[in-house]
2 protein chains.
Amino acid sequence: MLTYTKKYTVPYYETDANGNMKLPSLFNIALQLSGEQSHNLGISDDWLKETYNYAWVVVEYDVTIQRLPRFSEIITMATFAKSYNKFFCYRDFVFYAENGDTLLTINSTFVLIDTTSRKVAHVEDDIVTPYQSEKISKIVRGHKYTDLSDTTLEKSYHVRFNDIDQNGHVNNSKYFDWMTDVLGYDFLSSHVPSRIHLKYSKEVLYGTTVTSRVDLVGLQSFHDITSEGKHAQAEMTWRKK
Amino acid sequence: MLTYTKKYTVPYYETDANGNMKLPSLFNIALQLSGEQSHNLGISDDWLKETYNYAWVVVEYDVTIQRLPRFSEIITMATFAKSYNKFFCYRDFVFYAENGDTLLTINSTFVLIDTTSRKVAHVEDDIVTPYQSEKISKIVRGHKYTDLSDTTLEKSYHVRFNDIDQNGHVNNSKYFDWMTDVLGYDFLSSHVPSRIHLKYSKEVLYGTTVTSRVDLVGLQSFHDITSEGKHAQAEMTWRKK
């Protein structure tokens, strides 16, 4: 298993009113890191598109946060493609503080989609062997999400031009913005997430207005993003600052 | 005049559906650069706050764009504090392509505000002499903005938690998002800005819903951001892609 690491200084604009790294930024820099690993191994996103007409798509995140990176902190980010089976690739990201403490861990599940048919493709060995990823037969069981029984808060969000990435849909990091923003300033400035499960089910396109709903039960929040149908679900655990 | 330079590789998440760097990202990385220069000269934003209770605030930008940085391009960014008078500091940013071509130039005007009274403060020499900035007596005449005579398009934007920075107000780069987004996907995916004048007049706080209005006349667009009163005005010139 090849681990790719990089140091990163957290810039001002990726931190929120509390000086903590914004959630969307966490996932932006994580995916940038795995993109760099692929590029360095000669199996970049461009190569994947040209060779197979495939693209990587994240379907699920499981995030454990000890502490969010802070403004101007120098963190070390590591990523490795842990294992894969016929349909899923499991990749971890670990962010470390300067003293070596683990700040957070992201377990991610990726699929390959055919960019024309938008259908999930089989994982070919030569796409993943350069990562020295372990081939496994079992499908790792994802988190079981609870449907929202009640809604504490909900808010509508219009998709903006700058939410759309080169895949032509809303970038997956944006969902964290919609899901947390609905909780409001008072909650967000006095709480930080310690655990996040998030599952994407359907891409969001330009022109859509999504509804972000949350059921807040103590320090647990249950989320969904809907428009016509469900686009994503999440469960988060929070702690008081 | 001390010039501070840095190389920067444009990450995926800072580019739009066309692969061009997003306007808010341009200003984010520019201000990060000047912040780094200040830090390296021992006159960081923290020093300024602790010593004088002051903060830097951008009041105006004048941007000339030959070409926007592209995804994965390695650019060189340069900045220098050109000149200052009693109230204003003039700082330039120049972004270069790998072959040395100028991509864009940002002329910016800053003021110092007292962070308690929120009032503009006199520019003390020892705050700016480390930059080897030239003291001038004249006030550089800003752009003359035309009030919107007509409105082609307008749209409301709620301020989100992640729009707020550590100064407790909407980060100034966000205005570019609001101002351009109103033009819509078709326009934004077929046009790029070549000149931007933008002037901030009043900060936007959390809880506000702003209206972004635009009067589009051929390849010129006249913008304002209002809620109770005017927060910002801009004029942009566009060219077809």
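This is a predicted model: local features need pLDDT of at least 70, side-chain atom pairs count only at pLDDT 80 or more; totals for chains, interfaces and linings use all residues.
How are H1(A) and H4(A) oriented to each other, roughly parallel or roughly antiparallel?

**Figure 1. Helices H1 and H4 of chain A meet in a close-up of their crossing.** Here you can follow helix H1, residues 23–40 of chain A, alongside helix H4, residues 174–181 of chain A. Their axes come within 8 Å and cross at roughly 165 degrees. Angles over 145 degrees count as roughly antiparallel, and H1(A) and H4(A) are therefore roughly antiparallel to each other. The crossing of H1(A) past H4(A) is right-handed.

**Figure 2. Side chains in view: the residues that join H1(A) to H4(A).** H1(A) brings A:Leu23, A:Pro24 and A:Phe27 to the contact. From H4(A) come A:Phe176, A:Asp177 and A:Thr180. Sorted by class, the contact of H1(A) with H4(A) holds four nonpolar residues, one polar residue and one charged residue.

**Figure 3. The helix pair of chain B, H1 with H4.** In chain B, helix H1 spans residues 23–40 and helix H4 spans residues 174–181. The two pack at an angle of about 165 degrees, and their axes are 8 Å apart. That angle makes H1(B) roughly antiparallel to H4(B). H1(B) passes H4(B) in a crossing that is right-handed. To find the contact, look for B:Leu23, B:Pro24 and B:Phe27 on H1(B), and for B:Phe176, B:Asp177 and B:Thr180 on H4(B). By class, four nonpolar, one polar and one charged residues make up the contact of H1(B) with H4(B).

**Figure 4. Domain 1 and domain 2 of chain A, seen where they touch.** Chain A is split into domain 1, covering 4–135, and domain 2, covering 153–240. Between the C-alpha centres of these two domains of chain A there are 19 Å. Domain 1 of chain A gives 20 residues to the contact, and domain 2 of chain A gives 22 residues.

**Figure 5. Around the rotation axis that relates chain B to chain A.** Chain B is superposed on chain A by a rotation of 180 degrees, with 0.0 Å of shift along the axis and an RMSD of 0.0 Å. The two copies are thus related as by a two-fold rotation axis. A handy landmark is B:Tyr157, whose C-alpha lies 4.7 Å from the rotation axis, the closest approach among the residues of chain B. Both copies use the same surface, with 100% of the contact residues of chain B recurring in chain A.

Methods: Residues are numbered from 1 along each chain as its sequence is written. Chains are lettered from A and ligands numbered from 1 in the order in which they are written. Side-chain values use heavy atoms; hydrogens and water are left out. Copies are superposed by least squares on the C-alpha atoms of residues with pLDDT of at least 70 in both. Contact means heavy atoms within 4.5 Å. Axes are lines fitted to C-alpha atoms, for helices over the stretch in contact, and angles run from 0 to 180 degrees between N-to-C directions. Helices (H or I, at least four residues) and strands (E, at least two) are DSSP runs, numbered from the N terminus. Angles under 35 degrees count as roughly parallel, over 145 as roughly antiparallel, 65 to 115 as roughly perpendicular and the rest as oblique. A crossing is left-handed if the near helix is turned anticlockwise from the far one by less than a right angle, and right-handed if clockwise. Ala, Val, Leu, Ile, Met, Phe, Trp, Tyr, Cys and Pro count as nonpolar, Asp, Glu, Lys and Arg as charged, and the others, Gly among them, as polar. Domain bounds come from an automatic or database domain assignment.
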